Amino acid sequence: MTVQISQRTLEDLGFADVLRALAQRCRTEPGRERVLARPFLDTPEAVAEALALVAEARSLSQEQFSLPLGGVTDLRTPIGHAAKGGMLEPRQLIDSAQLLFAFVRTREALDERRARVPGLVEIARRMPSLEPLARRIDQCFEPDGEISDRASPELREARDRARGLHRRIKARLDELLHDETFLPKLRENYYTLRNGRYVVPVVANYRSEVDGIVHNASQTGQTLFMEPQAMVGLGNDLAIAQSEVTEEERKVLQALSDQLGRESERILEGLDAVAELDEAESVAILSADLGASMPAFENVSDLQLRQLRHPRLVLKGAEVVANDVTLTGDAKALVVSGPNAGGKTVTLTGVGLCALMLRAGLPIPVAEGSRMPMYRSVHSTVGDAQDLEQGLSTFSAHVVMLRDIIGAVGEGSLVLIDEIAADTDPREGAAIAIAVLEELMSKGVVVLVTTHLEELKALAHMDPRFLNARVGFDSKRMAPTYRLQIGAAGQSSAIEMAARVGLPQNVCERARELSVSAGGPLTKALAAAEEERRKLYEELERARVAAQEAEALRADLEKQKQSFERERRARMMQFNDDVHAASEHAAAEVQKLLTKLRAEQNEKALAEARQQLQQRADEAQKRALAAKAELFQVEAPGPANLKVGAWVHHSGLSRDVEILELADNHAVVSAGGALKMRVPITELSGARTRKPQQAKFPERQKQDAALKRAASAAPSEVEATHFRCDVRGMRADDALAELESFLDRGMRSGEDAALVIHGHGTGALKQAIRDYLAASPYIRMYRPGEGHEGGDGVTVVALRA
């Protein structure tokens, strides 16, 4: 059964806003493209499968897990170019390596959770495992994007040859610049490069006296940049060497591009899998933002939406009134009435948009226990349908749309009609509206319609297929409540709304008189019924308020009970502490007694007395500890206040401490006196005691001031250095051994900073190195590299003096 959704319906209900909200939550370009083209699903099985995938992604987000898709770039075009034999740029190759590493990380992360997310794991298996190729590419580039000497032996040899020529030329030039006969002919004593050749600035008047080739001149023409004839041969050799370097670099890029090209089909399939996973994660995030759930829909015929909130209003951050929308049993048409701007159209479009979202495999913003059929088509007419191009009035265009809807619907369709037959004579409009609704229901269609026509409101009293609903109106505030009441018809409250917007009071009073006298028997009967219903609703509201007050009182009593229990157990703990103190005092007395007994050489009496008193002390200690544990079970600690100077509890020490420093996932805390400890922040929780006030001693104030001056003078950043350790491609154990030896050399040679190059990879080597640095006594601080230093592929380290 193919789903039929017209473009008009999509625009009326604003389904594109939902897709745009999904796209904003995607992290990759392929994911955004996939979301914006998300189709409507034809079968309940396909919808169930899509929702199961969303449920898996939501379970991951609830445990604060995000798919490791960082660094993924849309490389479909470059990979296609490589598949045709094209050569990729260095940046594209580096991005390709990051993509391949992301494949590996994502597969591994999901495989660890395969019991909970089998659907996501199945998608991830389409990602190729090409970690060796990724490592090969990563090792061929420096952190700044330059091709590394490690890329090939030929490249290293060509660069060594070029570097040797550079040194020889510079040495010859240095000799020339120290020649007393040559210096007067120079504008300044230096050499530079022009067009890849080494030149010196010669005064133009000495052109004929300097043997060489002119490569450039200053703007004034007073200075000529000349390559001395003695340098020409070496310059030619250098040009040849540079061309060889360029050729070897090209070979490296081409070889890497060819390897990617051979794996292009698998990589592109992996990108499709990335897009699908990104889409699933974005749907999970949107569902959480909407507070959405998955309604029952298989073999469901009744519409029961609990606490429905309009998706677009929730996305805008508006305060939304949740409503129950129910259409069960014989009822097939919900007639919504009430004042203008009271929420009738919001209800209508909210139900329709949820029907589209369900067909697209998206959770909808309703409470658990909701039920919604899978409508095979959704049709709507919302807003002004006037068509000036075809010469149609608002009513004529509305009727044309009703005609088209009648011709298109069938069993299992959902039709939404806003203000049916409103722009014509009320009696004839009501007749047309009733005839249209009866025709739609005869075709097995579910209809939601908004109206001000009294005849439509009366249908629910005569035809079980119709059910009334109204949006509320607060007569005291003269404003709508936006709450939907099923089973009741609403008044338009047009005169009240007119008065609210400023229509003169005398005009409103006259309108009320005319309205009362003009109402027929049906209108008066409906008004009387609604008045009776209003009184019953007020009684129900008073009962609801009383129930809320009772619940608040119960909650308050529960809090008092817990407070009393905490106080009782705290006193118990104090009592046991007193007992423990008494036992310690007794132990001291026994110690004196033991001394006396030793003097009397009565070892037996000594042993007995010591054993008895130690037993009593141990029992008192156990009672005190048990009371403390029981107290803290009742009063659970709150979260730690993670900032410098905060007073927190450290689980390892079982005591409250002060935070002195914060860095990454660790904190330096004061453990009493001059003792400081570096601890993980996961071991910190809310303080059990108040922070003690520090005594204001003059000497302590001087020390604090000195510390502040030292801190302000100390550098907050450490700059990159040429003292480097390159461990890319090594195993973690080998890399840490190399790093330890490197740091030993640095401390002996007096280095104050170092650069550790580890690359990106899967991130395991980088994490191992930074964990080692965090615990190393050689290290004052460390940080990831900046963009010009190599980014997160390097770590900049400050060594202790």
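**Strand pairing, helix packing and cores**

Colleague: Which residue of β5 does N216 stand opposite?
Modeller: N216 stands opposite F225 in β5. The model is a predicted one, in which local features need pLDDT of at least 70 and side-chain atom pairs count only at pLDDT 80 or more, while totals for chains, interfaces and linings use all residues. Residues are numbered from 1 along each chain as its sequence is written, and side-chain values use heavy atoms, with hydrogens and water left out.

Colleague: What makes β2 and β4 edge strands?
Modeller: The open sheet has four strands in the order β2-β3-β5-β4, with antiparallel pairing. β2 (192–194) and β4 (212–217) each have a single partner strand, so one side of each is left without a neighbour in the sheet. From one strand to the next, the twist averages 50°. Axes here are lines fitted to C-alpha atoms, for helices over the stretch in contact, and angles run from 0 to 180 degrees between N-to-C directions.

Colleague: Which helix packs on the sheet, touching β3 and β5?
Modeller: That helix is α9 (residues 153–177), whose direction makes about 15° with that of β3 (197–203). α10 also packs on the sheet, touching β3, β4 and β5, and its direction makes about 75° with that of β5. Contact means heavy atoms within 4.5 Å. Helices (H or I, at least four residues) and strands (E, at least two) are DSSP runs, numbered from the N terminus.

Colleague: Why are the buried residues of α5 placed on the same side?
Modeller: In α5 (residues 76–83), P78, I79 and A82 are buried. They cover an arc of only 100° around the axis, which puts them on the same side of α5; the arc is that of the directions from the helix axis to the C-beta atoms. The buried residues of α5 pack against α6, α10 (229–262) and α11 (264–290). G85, which follows α5, has a positive phi near 90°.

Colleague: Why is C140 called buried?
Modeller: Buried means under 20% relative accessible area, exposed over 50%, and partly exposed in between (1.4 Å probe, protein chains only). C140 has 0% and C725 has 3%, so both cysteines are buried. Of the 801 residues of the chain, 42% count as buried. The structure holds zero disulfides, a disulfide being a pair of cysteine sulfur atoms within 2.5 Å.

Colleague: What makes a set of residues a nonpolar core?
Modeller: The members are buried Ala, Val, Leu, Ile, Met, Phe, Trp, Tyr and Cys residues joined through side-chain atoms within 4.5 Å. The largest such core has 67 residues, and L110, L120 and F141 have the most contacts inside it. Helix α6 (residues 90–111) gives the most to this core, with 10 residues. Apart from it lies another core, of 55 residues, including V18, L51, A292 and V314.

Note on methods. Pairing = 2+ DSSP bridges.
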